Amino acid sequence: MATCANCDRELQPAWKYCINCGTRTAVPLAGVVPSALSADPENEVRRVNVLAVLALILGCLLSPLAALFGHIAVSQIKITGERGLIPAWIAVVLGYIWLVVLAVLVITFVTTNA
């Protein structure tokens with residue numbers, strides 16, 4: 001077993017820091033591959049779908065176009081595996097809400113001014 005250079009206590013192989021004094025240990029972690037050398041695609045940082053963010057912004061700006069862009073973003077996310085599925089679905093819901101509100105306002109305006 002390795003010992004801490006500061007307090008001479010025994011260190012476990014999985015510890016990055018000594019639990020007694022808090023000093024960083026020089027003990028390499030057992031079985032851990034550095035992320036830069038890892039070929040595992042799950043450790044790879046996934047990008048956020050830009051169209052999902054744009055759709056969410058449009059949904060917050062009261063635009064019915066958020067539903068269209070949200071649906072396109074959902075299909076892109078399913079193909080590419082990017083992040084942003086939840087914001088895309090939120091944008092779809094907001095877009096349909098604003099579409100219904102706009103339709104009600106137009107119908108109300110047409111019927112009252114006819």
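## Leucine 11

Leucine 11 sits in strand S2, which covers residues 10-11. The model is predicted. Is leucine 11 buried or exposed? Leucine 11 has 4% relative accessibility, so leucine 11 counts as buried, because the cut-off for buried is under 20%.

Threonine 25 lies 14 residues from leucine 11 in sequence. In space, the two are 8.2 Å apart, C-alpha to C-alpha.

## Chain layout

The chain holds three helices and two strands. Read from the N terminus, the order is β-β-α-α-α.

Of the 114 residues in the chain, 21% are buried. The chain exposes about 8,400 Å². Carbon and sulfur atoms supply 67% of that area.

Now the contacts. Take those in the chain with a separation of 6 or more: 39% of them join residues 24 or more positions apart.

## Helix H3

Helix H3 runs over residues 85-112 and has 28 residues. From first C-alpha to last, H3 reaches 41 Å. That is close to the 40 Å expected at 1.5 Å a residue.

Which residues of H3 are buried? They are Ala88, Ala91, Val92, Leu94 and Gly95. An α-helix has 3.6 residues a turn, so residues three or four places apart point the same way.

## Packing of H3

What do the buried residues of H3 pack against? Their partners are two helices: H1, spanning 50-60, and H2, spanning 65-80.

Key. Residues numbered from 1 in each chain as written. Predicted model: local features only at pLDDT ≥ 70, side-chain atom pairs only at ≥ 80, totals over all residues. Heavy atoms only, no water. Helix = DSSP H or I, 4+ residues; strand = E, 2+ residues; numbered from the N terminus. Expected span 1.5 Å × (residues − 1). Buried < 20%, exposed > 50% of the residue type's maximum accessible area, 1.4 Å probe, protein only. Contact = heavy atoms within 4.5 Å. Areas by Shrake-Rupley, 256 points an atom, 1.4 Å probe, with all protein chains shown as cover.
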